[in-house]
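Please read them with the structure open beside you.

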Amino acid sequence: MILAEEIQNALKELALPEKKDFYPRFFKAGKGEYAEGDKFIGVTVPDQRKVVKAYFQKISLEELRELLSSRIHEYRHSALLMLVSKYEKSKDPDEKLEIVKFYLKNRKHINNWDLVDNSCYKILGRHCLENQEDELLRALANEDRLWSKRMAVVSTMFHVKKGKFELVKELVLKNLSHEHDLMHKANGWLLRVMGQKNEDELLAFLKDNYHKMPRTSLRYAIEKLDEDLRQKFLKGKF
């Protein structure tokens, strides 16, 4: 696949040796996860965006699959950035639906927190809200796979930005007691952003559920509240 190879070569030319070792440390230091067997070549995100801007309109979904199935993190991340750009720039509903189907069909390759958070709400979240397909996100949240659950929750960020909170709260509650810290962070992060849009919504949710929340989720959720409120929740005295 000519374009896929051309993009790989363009990324290799921008690779920095010191970043090749930095990225794995960055993920672990942030307690994030990258896919087992992932390799890094050391291309910064700003440099990836330069390549994305040059190629996203020309590359086909089939060639994007070639990049997305790679074990090189920067190839997969760049492929998702191109997919997001294709979706955002498209004016054709059929083409946008094809991109959503492609995204879902290939989600086995979207299996670390960086890839999930940078793509899913801009594609799945937007699609589900605009087309009233909440059941699609509910189905993902019900899967056993961690990344499908996280993908469902993070996708509702688009709902939050539009002031729609019911599905957000439903999916957060569904996986509130999940055993993995990555779900705790996603839940807390979404609740925090919800509170920035509407603090009363967050406070009403916390009053009913804060005593059941993992510490990580609670800390993220209340991070932007006034100090007095934060301390009351942290001490269980609300």
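Predicted model: local features only at pLDDT ≥ 70, side-chain atom pairs only at ≥ 80, totals over all residues.

1. Beyond its neighbours within four places in sequence, Gln-8 is in contact with Leu-67 and Tyr-75. Gln-8 sits in helix α1, which spans residues 2-14. Its relative accessibility is 18%, so Gln-8 counts as buried; the cut-off for buried is under 20%.

2. Next, Arg-71. This residue is in the loop between α4 (61-68) and α5 (73-89). Is Arg-71 buried, exposed or partly exposed? Its relative accessibility is 38%, so Arg-71 counts as partly exposed. Leaving aside neighbours within four places in sequence, Arg-71 is in contact with Ala-35, Glu-36, Gly-37, Asp-38, Lys-39 and Arg-76. Take Ala-35 from that list. Arg-71 and Ala-35 are 36 residues apart along the chain, and their C-alpha atoms are separated by 8.4 Å.

3. Helix α3 covers residues 45-55, and its buried residues are Asp-47, Gln-48, Val-51, Val-52 and Tyr-55. Seen down the axis of α3, these residues fall within an arc of 145 degrees, so they line one face of the helix. An α-helix has 3.6 residues a turn, so residues three or four places apart point the same way. The face of α3 turned away from the buried side carries Pro-46, Lys-50 and Lys-53, which are exposed. What covers the buried residues of α3 includes α1 and α5.

4. At 14% relative accessibility, Asp-47 counts as buried. Asp-47 and Lys-197 are 150 residues apart along the chain, and 32 Å separates their C-alpha atoms.

5. Now the packing of α3 on α5. The two axes are 9 Å apart, at an angle of about 50 degrees. α3 and α5 are therefore oblique to each other. The crossing of α3 past α5 is right-handed. From α3, the contact uses Val-45, Gln-48, Arg-49, Val-52 and Tyr-55. From α5, the contact uses Glu-74, His-77, Ser-78, Leu-81, Met-82 and Ser-85. By class, the residues of this contact divide into 5 nonpolar, 4 polar and 2 charged. Gln-48, Val-52 and Tyr-55 of α3 take part in this contact and are among the buried residues of the helix.

6. Move on to α6 (residues 93-105) and α8 (residues 120-130). Their axes come within 10 Å and cross at roughly 120 degrees. That angle makes α6 oblique to α8. How many nonpolar, polar and charged residues does the contact of α6 with α8 have? The contact has 7 nonpolar, 1 polar and no charged residues. On the α6 side are Leu-97, Val-100, Tyr-103 and Leu-104. They meet Cys-120, Ile-123, Leu-124 and His-127 of α8. The handedness of this crossing is left-handed.

7. Helix α9 (residues 134-141) has Leu-137, Leu-140 and Ala-141 as its buried residues. They cover an arc of only 100 degrees around the axis, which puts them on the same side of α9. Which helices do they pack against? The partners are α6, α8, α10 (146-155), α11 (157-161) and α12 (166-174).

8. The pair α10 and α13 (residues 181-197) comes next. Their axes come within 10 Å and cross at roughly 5 degrees. That makes α10 roughly parallel to α13. α10 brings Leu-146, Trp-147, Lys-149, Arg-150, Val-153 and Val-154 to the contact. α13 brings Leu-182, Met-183, Ala-186, Asn-187, Trp-189 and Leu-190. The class count here is 9 nonpolar, 1 polar and 2 charged residues.

9. Finish with α12. Leu-167, Val-168, Lys-169, Leu-171 and Val-172 are buried in this helix. Note that Lys-169 is on that list. What covers the buried residues of α12 includes α9, α10, α11, α13 and α14 (199-209). α12 is in turn one of the helices that the buried residues of α9 pack against.

Technical notes
Residues numbered from 1 in each chain as written. Heavy atoms only, no water. Axes fitted to C-alpha atoms, helices over the stretch in contact; angles between N-to-C directions. Helix = DSSP H or I, 4+ residues; strand = E, 2+ residues; numbered from the N terminus. Parallel < 35°, antiparallel > 145°, perpendicular 65-115°, else oblique. Left-handed = near helix turned anticlockwise from the far one by under 90°. Contact = heavy atoms within 4.5 Å. Nonpolar A, V, L, I, M, F, W, Y, C, P; charged D, E, K, R; others polar. Buried < 20%, exposed > 50% of the residue type's maximum accessible area, 1.4 Å probe, protein only. Arc of directions from axis to C-beta.
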